[in-house]
Amino acid sequence: MLIDLVLNFFSNYLIEFMGALLVVGLFFRFGAYRRSKNDNAYYSSFTRELELNVERDKEEKKPVEDVDHYLADVLGRVGKKLPQRSLRFGGENKKEDAADDGKKVLSLRDYVSGKQGLIINIQAEASVFKNQTQPNFTELTHRILSQDPNWTKVLKHFSIDGVTRMIDILPGLFIVFGVFGTFIGISMALPEIANIDFNDLDKSADTLMRFVLNVTYAMKTSIAGIFFSLILTVLNTLFPIKETRHRVFKKVETSLQMLWYHIHSSNAKEMNQDQVFAKLLSVLDSLEKRLEHLEGKPKSDDHKEEEAS
């Protein structure tokens, strides 16, 4: 019964169903692509400013005495340097302009400095930067970014990973639907052959017409499936989403790696100085004890005889 309902639905509305699926896919694809472009603009600006500040601290040989304090300081400096503007596809839209069309536009600073923004999430991982053991930077970056809704959500409610997976499978899905429609059309056309009277084709005109229409439907579904698949394949090739997000991810990972190495290289220098000083004190203490031991040692018999003579 259920199979009959499914076959009946797809035999009448398969092409329309594929068309609606294409529209939904294009809608989500546009949202995901715009989000990935925004992420690339926002996070690239953040990572570039973070790396500049870390390099400046290296040149000035600024010591890292307290990791929490240093993270708050350097990230605070980065946040202040980020402009109060919106970046959208490389352009600039001021908040006042956005207010005119009723759309809320986040500034670059707000994007990474919110309650769940990148800056707060990095500070929350201060224990990793304190640890002397080198972390897995890929896992660290994933953990930090996964807490940022600007990175994980598209259209505020949908997981961008789920959307991109759906977009990836749609081209193949359209091919499957096209083949499915072809089999449905053929299955509807074949029984009509049994009703054709080849001795009186005039009376079988209606039957022949239904046979031709069913075969035509079978061909149309395959053509529609291939065409819709071609559209999405071209868009996925020309305007990739995963590749753009991967580049952003690697930029953030590189900047975190640079920050960790700077913190620990600075701490290592301080530790080396402390170790040298401690070793020097140990050597001096050892010499002092040896001198005290020599001064308190009883004189030998030869020395006593020399003094007596």
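Start by selecting Asp57: leaving aside neighbours within four places in sequence, it is in contact (heavy atoms within 4.5 Å) with Lys62, Tyr70, Val74, Arg77 and His262. Asp57 sits in helix H1; helices here are DSSP runs (H or I, at least four residues), numbered from the N terminus. Asp57 is buried, with a relative accessible area of 1%, where buried means under 20% relative accessible area (1.4 Å probe, protein chains only).

A quick note before moving on: this is a predicted model, in which local features need pLDDT of at least 70 and side-chain atom pairs count only at pLDDT 80 or more, while totals for chains, interfaces and linings use all residues. Residues are numbered from 1 along each chain as its sequence is written, and side-chain values use heavy atoms, with hydrogens and water left out.

Next, select Leu259. Not counting residues up to four places away in sequence, Leu259 touches Val54, Tyr70, Leu71, Val74 and Phe129.

Now colour the largest nonpolar core, which has 31 residues. Such a core is a set of buried Ala, Val, Leu, Ile, Met, Phe, Trp, Tyr and Cys residues joined through side-chain atoms within 4.5 Å. Phe46, Ile122, Phe129, Leu259 and Ile263 have the most contacts inside this core. Helices that each supply at least two of its residues include H1 (2-59), H2 (67-81) and H11 (242-295). Which helix gives the most to this core? It is H11, with eight residues. Another core, of 13 residues, lies apart from this one, and Leu21, Leu22, Tyr217 and Ala224 are among them.

Last stop: Arg29, also in helix H1 and buried at 5% relative accessible area. Arg29 and Ile241 are 212 residues apart in sequence, and 8.6 Å apart in space, C-alpha to C-alpha.

Key: Buried means under 20% relative accessible area, exposed over 50%, partly exposed in between (1.4 Å probe, protein chains only).
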